Amino acid sequence: MFKAVSSQNGKHIIILNPEWKDNIDYLRFLDRKDDLVCQRCGQPVRVRAGNHRKWHFAHKQIKNCPLQNESSTLLSARAILYEWLISKFCSSFVTLEKELKNVSLQRHVDCWVEKKSHKIAYWIVESQIKPQQREELKQCFERLGIQVNWIFLNKMLNINDEEPGQVFLSTTEREFMHTSEYNNIDQNFENNHLFYSLHYLNHDNGLLTSFRALHTVHSPQLYSGRRKEHHISKILVLGKTTGELIHPDEYEQLQKWKQGKIEYEKLREEEEKRLKEEAEKEKAQQLEEKRGWSGHWKELSPSQAHELQQEKQKHVFTMPLERDEHVYSQVPSEIDKEAKCELCGSVTTQWYYYNGKTNTCKCRECYRKLYGQN
């Protein structure tokens, strides 16, 4: 363990805190007086401050205390995480081995950040957790309204040898995957799929491996995602409320993606506006043509209106508005000749049908009004 309590004043002492680097003799003095006790069982602990292992506290006598059973890998990872956090926050805001009052957790919280009203927890997962314990763990933090960052030990990482971007995930890993806006990097702007993130910490060398945009390849275990690796000293921390672990190039990538999405949304809105305006314009034009034809219809005599109606029923609506080539071949010299329209009575050269025998035609204007073509 890295935390002890002073039996004199109840002060919590974290042996990894830089303030004790030059005051280790004082802690040894308290040790000799049995003034340092375990925060869980209250039994005296001794100072272990050698040159080969991380400084820590150990029970003087073997008692039935759950803190005695913590593995060396868990303790090493906890120390790495704590030292990283105090490099990002003031050490007065960061503690480790946090005991939560009136809460029945299986152990204490590995690392804890508390600044004003914001509380952030970091929980290290070193092995599979039973289903009931998983639910109790998640529900506990949900009731307290505390943001939790789950960090797995690297020994749990099971990468697919054939595809380095794929991982086999246990039930525990799948249960503690989390959503993040950093999963959106490199994703299509219209992609609405839900992606997940996981973080793995190597307790030996401090390397943090993260998988972003995790999604199912073969249910339920095989997942694919974007793999990122940096030493934890290079890792950034997101904001003051979530405490999410961010790789050094991810922030810039996310900002670029967000800017691209803004531009995409702007273009899409402009295109939707253009299509809407075109549809409204076309609708207005059709209405105007309909009104114009209604007026033209009223000007016709009953016999002309009847003949026009028969003409409309006779023609196919998709008929092209061109002059009758059959007529052209018969009367090529009459192409530009004026003729009287059989439908509206106007004299024009703009006709699509011409009767050379009667010198009458069917004009284009009548055709447009009949069939709404330009």
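Visitor: What makes strand 16 and strand 17 count as a pair?

Guide: In this predicted model, strand 16, covering residues 339–341, is joined to strand 17 by 2 bridges, and the two run antiparallel. Pairing requires at least two bridges between the strands, and 2 bridges are found here, so strand 16 and strand 17 count as paired. Within this pairing, Ala339 stands opposite Thr348 of strand 17.

Visitor: Why is strand 17 called an edge strand?

Guide: The open sheet is formed by 4 strands in the order 17-16-19-18, with mixed pairing. Strand 17 (347–348) pairs on one side only, and strand 18 (351–355) likewise pairs on one side only, which makes these two the edge strands.

Visitor: Why is Glu250 called buried?

Guide: Buried means a relative accessible area under 20%, and Glu250 has a relative accessibility of 0%, so Glu250 counts as buried. Glu250 lies in helix 5, which covers residues 250–299, and, leaving aside neighbours within four places in sequence, is in contact with Tyr182, Ile185, Arg212, Arg226 and Lys228.

Visitor: How do you know that the side chain of Glu250 has a polar atom within reach of His247?

Guide: The backbone nitrogen of His247 lies 2.9 Å from a polar atom of the Glu250 side chain, and the cut-off for a polar contact is 3.5 Å.

How values were computed. Residues are numbered from 1 along each chain as its sequence is written. This is a predicted model: local features need pLDDT of at least 70, side-chain atom pairs count only at pLDDT 80 or more; totals for chains, interfaces and linings use all residues. Side-chain values use heavy atoms; hydrogens and water are left out. Buried means under 20% relative accessible area, exposed over 50%, partly exposed in between (1.4 Å probe, protein chains only). A polar contact is a pair of N or O atoms within 3.5 Å; within protein, one must be able to donate a hydrogen and the other to accept it, and residues adjacent in sequence count only if both atoms are side-chain atoms. Contact means heavy atoms within 4.5 Å.
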